[in-house]
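Trainee: I would like to learn how to read the features of a model like this one. Can we take them one by one?

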Amino acid sequence: MMWPNFFLQDREERLAMRRRGETQRQKIMTDEQEGKIKLAFFVAIVGMTLTVLAVGTEFWVELNTYKQNHSAICEAAHFGLWKFCYKKLWVYDVGEERDTCGPAELPGEANCSYFKFFTTGENANIFLRTTKKELNITAAVVSLLSITLMAMGSLCITMALSKGVDFLLKPASCFFVISGLMVLVTLEIFRQSVRWLITSNDIIPLEYEYSWSVACAVSAGAILIFGGACFILLSIPGLPKKPWEYCIRKRSTSDHTS
């Protein structure tokens with residue numbers, strides 16, 4: 001008769017430990033803190049979406065040739081991290097105030113292909129200009145590493161919300177801040193590659209301008225850094241909920257000291 005009582009007592013102890021664990025989880029993360037974490041996570045998701053949109057599109061920079069007299073067609077090109085496109089545009093579609101062809105969004109005959117240095121290791125030639133494959137490959141690799149860090153940060157936040165704990169906020173904040181910085185580093189490397197391309201040859205006069213994919217990448221980097229900073233603030237224990245509470249607490253401490 002002692003064995004059933006022993007198993008019953010052991011079961012009751014396990015249930016009590018589970019209840020204490022749930023109570024401790026509720027104490028660790030309140031509903032208000034969970035809501036703030038979800039809001040900061042939404043901000044980070046916006047940054048991740050913009051990053052994926054920028055990395056996956058080829059409208060980072062546009063190269064525009066000058067209009068030729070008595071020619072109904074002008075040539076332009078645009079490219080991103082992975083592929084480039086040649087476009088033949090009708091001159092009557094281009095604004096009369098422009099001396100160059102473009103913008104690339106205009107309808108025309110397009111021929112797009114991926115850069116050869118990802119497959120055969122060859123540099124690409126665009127309007128008799130040669131790319132520097134080392135810079136382009138580095139920019140692409142850094143962008144992929146940034147996306148990987150975003151995925152790891154998202155996994156940490158998902159686990160923090162599902163388990164009701166906040167100790168995963170610090171590694172998540174580091175992942176998002178570093179990924180945002182890497183997006184900005186990608187932009188700088190890409191800018192250097194564009195400058196190398198433009199200065200590699202000047203037989204055909206060109207004008208270049210950065211397009212909307214770069215704007216998405218800049219916004220994504222800033223948003224990711226801001227989202228990571230929010231997670232850092234949320235992971236600090238004992239942080240006042242309102243800024244003026246910190247000022248009042250500091251003033252009261254100084255009064256007691258004096």
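Trainee: Which residues is Phe231 in contact with, leaving aside its neighbours within four places in sequence?
Mentor: Keep in mind that this is a predicted model. With those neighbours left out, Phe231 is in contact with Ile37, Ala40, Phe41, Ala44, Ile157, Leu169, Ser173 and Phe176.

Trainee: How many residues does the largest nonpolar core have?
Mentor: The largest nonpolar core has 47 residues. Phe231 is one of those with the most contacts inside it, along with Trp60, Leu63, Phe79, Ile126, Ile157, Phe176. The elements giving two or more residues to this core are H2, E1, strand E2 (73–79), helix H3 (133–163), helix H4 (169–199) and H5. H4 gives the most to this core: twelve residues.
Mentor: Another core lies apart from it, with six residues, among them Cys74, Leu89, Val94 and Cys101.

Trainee: Take Leu89. Is Leu89 buried or exposed?
Mentor: Buried means under 20% relative accessible area. Leu89 has 1%, so Leu89 is buried. Leu89 lies in strand E3 (residues 83–90). Not counting residues up to four places away in sequence, Leu89 touches residues including Ala72, Ile73, Cys74, Ala76, Cys101 and Leu106.

Trainee: Now the strands. How many bridges join E2 to E3?
Mentor: Seven bridges join E2 to E3, and the two run antiparallel. A hairpin of three residues joins E2 to E3. In this pairing, Ala76 stands opposite Lys87 in E3. E1 and E2 also run antiparallel, joined by four bridges. There, Leu63 stands opposite Ala77 in E2. E2 is mostly covered, with five of its seven residues buried.

Trainee: What describes a pair of aromatic rings?
Mentor: The distance of the centres and the angle of the planes describe it. A pair needs centres within 6.5 Å. By this rule the count comes to 13 aromatic pairs. One of them is Phe59 with Trp212, which is stacked at 5.6 Å centre to centre and 25° between the planes. This pair links distant parts of the chain, 153 residues apart. Phe59 is in the loop between helix H2 (31–56) and strand E1 (61–65), and Trp212 is in helix H5 (residues 212–235). Phe59 has 17% relative accessibility, so Phe59 counts as buried. Trp212 has 34%, so Trp212 counts as partly exposed.
Mentor: Tyr208 and Tyr210 form an edge-to-face pair, 5.9 Å centre to centre with 90° between the planes. Tyr208 is partly exposed at 33%. Tyr210 is partly exposed at 34%.

Trainee: Which residues do ring pairs link into a cluster?
Mentor: The cluster holds Trp60, Phe79, Trp82, Phe84, Tyr86, Phe115, Phe117, Phe118, Phe127 and Phe190.

Trainee: Where does the charged end of Lys132 sit?
Mentor: Over the ring of Trp196, 4.4 Å from its centre. The charged end of Lys83 sits over the ring of Tyr114, 5.5 Å from its centre.

Trainee: Which residues does the "transmembrane region" annotation cover?
Mentor: The unreviewed UniProt entry gives residues 39–61, 137–161, 168–190 and 210–234. In the model, residues 137–161 are 100% helix and 0% strand, with end C-alpha atoms 37 Å apart. Residues 168–190 are 96% helix and 0% strand, with end C-alpha atoms 33 Å apart.

Notes. Residues are numbered from 1 along each chain as its sequence is written. This is a predicted model: local features need pLDDT of at least 70, side-chain atom pairs count only at pLDDT 80 or more; totals for chains, interfaces and linings use all residues. Side-chain values use heavy atoms; hydrogens and water are left out. Rings of Phe, Tyr and Trp (its six-membered ring) pair if their centres lie within 6.5 Å; planes under 30 degrees apart count as stacked, over 60 as edge-to-face and the rest as tilted. Buried means under 20% relative accessible area, exposed over 50%, partly exposed in between (1.4 Å probe, protein chains only). A charge sits over a ring if NZ of Lys or CZ of Arg is within 6 Å of the ring centre and within 35 degrees of the ring normal. A nonpolar core is a set of buried Ala, Val, Leu, Ile, Met, Phe, Trp, Tyr and Cys residues joined through side-chain atoms within 4.5 Å. Contact means heavy atoms within 4.5 Å. UniProt positions are given in the numbering used here, feature names are shortened, and annotations may be inferred rather than shown by experiment. Two strands pair if DSSP finds at least two bridges between them.
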